[in-house]
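Have the structure open as you read.

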Amino acid sequence: MMDVVGVITAMAVEGNVFRSAWGLKAMDTGGPFRCYGDDDRILVISGSGKVRCASAAAWLLSQFPEIRDGVLLNAGIAGSGSLEIGSAHIIHQAVDTATDRRLYPDILFTHPYGEATLHTVDKPVDKRTAGMGEDDLIDMEGAAFLQAAQLWMPCHRTHLVKVISDNLAPDQVDRGDIARLMENALPAVEHIIGAVSCDREQSDMDKRMEVFTRIGERWRLTMSQRAQLHRTGRAWLLRHPDGEFPWPGDMDAPRDKQSRNQALADLIDRLWEG
Amino acid sequence: MGAYSRIYIEKDAMDYPLAGAVLVNLPRAKRILIDHYKDVFNRPRQDFRAQKDAQQLILAVKRPPYLYPLSPLCETYGYERAYYTTPALNCPYDCDFCFLQGMYPSAHLVVFVNEGDFYHAVRKETTPFFLSVTYENDLMALEGLVPWTGRWLDFAKTMPHMEMEVRTRSANPGALMDRAPLPNVVLAWSLSPGSAASRYETRAPAPPERIEAARRAMEAGWRVRLCIEPVIRIPEWEEAYRGLIDTVFDTLPAERVDSAVADVFRMGRPGFDSIFKTRDDTDLFAFRPEVTGDSVTYPEHREMGDRVREMLLAHMPRERVYGGIW
């Protein structure tokens with residue numbers, strides 16, 4: 001089972017590296033964003049700025065909810081007062097400069113890349129402002145991306161990779177250079193995808209629990225009875241990690257309220273005793 | 001997976017000596033300055049299990065209160081006034097039964113560095129009282145990283161009317177070795193049968209190592225308490241706990257053990273329900289629950305607790321065996 005990965009870039013020229021490295025094809029989603037993908041990777045071009053990026057994250061996670069168990073990244077270029085142009089950095093703190101709100105991806109893996117704080121601004125800047133450190137990065141999307149993505153996803157599955165494009169001279173960034181600079185983001189993005197595993201165990205448990213869902217439907221249990229059966233069934237499965245609970249074929253399917261209550265009580269006793 | 005490879009540091013915490021002592025121990029860790037530890041510790045949608053595999057460190061300044069009254073469900077060893085304090089939140093071990101996983105949104109380790117504020121608050125207590133400094137952490141296990149245990153021991157010297165408990169699963173009582181034993185400090189080792197420890201206390205030292213650490217502390221003159229809790233309903237639990245207790249008293253002379261306490265596994269209902277729903281990797285919570293007050297426990301909890309305490313009473317007088325107050 002593969003992780004489903006979403007990548008959002010502001011500009012198409014930032015996303016080209018992923019499109020070409022992963023062989024992604026244009027997708028006709030009917031949505032407001034350009035989108036490229038295959039079975040397990042989806043690239044969205046959001047457009048520049050906080051609103052576009054947050055909207056793209058929300059749209060992507062609504063259209064492809066399986067990404068919520070995978071990884072979602074924002075990759076792109078950023079400015080910095082001092083860091084080397086072309087260097088790739090994983091972001092450990094993103095600050096929305098308009099509100100001073102700070103957001104933190106949960107980096108639970110080691111990596112060989114730089115790490116930095118990112119300040120997300122509303123319009124391009126050519127100098128540091130209060131609160132920005134010399135080694136901090138500046139972009140126009142990152143904090144908004146995290147704020148939106150973390151509404152749906154655990155914070156260890158949402159990450160930012162930024163490549164330094166300029167030393168606070170955004171006007172001098174040549175669009176032709178961006179594709180080349182973004183080549184340096186690809187290894188960091190691949191590293192994160194490899195390091196953040198998917199929730200396989202949860203999926204396995206969901207599958208094993210299906211027998212109790214079927215019993216609930218077949219026996220026409222009430223919602224509270226189904227909840228009771230699910231809780232007890234889950235306990236049985238946890239005590240039998242390698243076992244499947246067999247369909248209770250020896251028990252008659254109940255036909256009325258009284259026989260339903262009795263059948264459920266008998267089944268629950270059987271589950272606790274097993 | 002890179003434990004403590006990243007240190008989040010509150011700006012206000014930077015200048016405290018204890019912060020410096022921690023940072024010296026982790027020179028290669030990435031440092032991230034933050035405004036308030038809760039910005040990281042309380043952020044939404046954290047994955048406690050994933051974090052346990054790569055625990056990170058947060059250095060912070062504790063704001064009041066510094067002392068909390070112990071719950072009436074906790075053993076207070078005869079003291080009418082009993083408190084706990086929280087010099088650190090969370091623990092490097094990963095015990096399945098730990099109540100902290102149902103209480104905190106994060107598994108990352110918070111270390112509070114403003115030790116003077118803690119001592120100032122405790123000094124206000126002028127009549128005899130009991131203080132647990134390890135209610136929400138295992139300070140002794142962290143001693144190589146944060147020298148909190150040694151500092152609390154130094155402080156305890158100045159508070160003879162305070163009985164301080166340092167509870168641990170650590171096998172490394174290094175903080176004790178250069179210090180003279182203190183009559184008002186009890187070192188309490190949590191012990192479980194090997195079969196329970198290997199299944200539910202996967203990162204903690206094996207019980208024989210803990211017993212050996214307790215023996216060394218006792219030999220150095222420290223008061224040692226045995227904590228047989230939580231008692232867990234493992235297969236053949238009675239034989240397993242009898243075996244543990246026999247082993248303990250083969251190593252530790254019963255007459256020199258300060259005290260012992262035994263209590264059965266229980267957990268607050270909201271925490272229990274939340275962990276049961278989210279953890280697929282343990283069967284610890286997969287029993288038919290009995291609700292007593294606000295807690296969930298085994299239906300046979302009374303019998304189990306009584307039996308284990310009887311095992312202790314075979315070695316120690318009743319006035320030194322505690323537990324079973326709930």
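This is a predicted model: local features need pLDDT of at least 70, side-chain atom pairs count only at pLDDT 80 or more; totals for chains, interfaces and linings use all residues.

In helix H10(B), the buried residues are Trp237(B), Ala240(B), Tyr241(B), Leu244(B), Ile245(B), Val248(B) and Phe249(B). Look down the axis of H10(B) and these buried residues fall within an arc of 160°, so they line one face of the helix.

What do the buried residues of H10(B) pack against? Their partners in chain B are helix H8 (194-200), helix H9 (207-219), strand S11 (223-231) and helix H12 (301-313).

## Where chains A and B meet

Now for the interface: 32 residues of chain A are in contact with 37 residues of chain B. The two chains bury about 2700 Å² between them, with 50% of that on carbon and sulfur atoms. On the chain A side, Tyr104(A), Leu108(A) and Arg231(A) supply 24% of the area buried against chain B, more than any other three residues.

## Polar links and who supplies them

There are 5 salt bridges between the chains. Arg234(A) forms a salt bridge with Asp280(B), with the closest N and O atoms 2.6 Å apart. Across the interface, 19 residue pairs are in polar contact.

Several elements of chain A each supply at least two residues to the side touching chain B, among them strand S6 (88-96) and helix H3 (142-152). H8(A) gives the most, with 5 residues.

How values were computed: Residues are numbered from 1 along each chain as its sequence is written. Chains are lettered from A and ligands numbered from 1 in the order in which they are written. Side-chain values use heavy atoms; hydrogens and water are left out. Buried means under 20% relative accessible area, exposed over 50%, partly exposed in between (1.4 Å probe, protein chains only). Helices (H or I, at least four residues) and strands (E, at least two) are DSSP runs, numbered from the N terminus. The arc is that of the directions from the helix axis to the C-beta atoms. Contact means heavy atoms within 4.5 Å. Buried area is the accessible area (1.4 Å probe) that two parts lose on being put together, summed over both. A salt bridge is a side-chain nitrogen of Lys or Arg within 4 Å of a carboxyl oxygen of Asp or Glu. A polar contact is a pair of N or O atoms within 3.5 Å; within protein, one must be able to donate a hydrogen and the other to accept it, and residues adjacent in sequence count only if both atoms are side-chain atoms.
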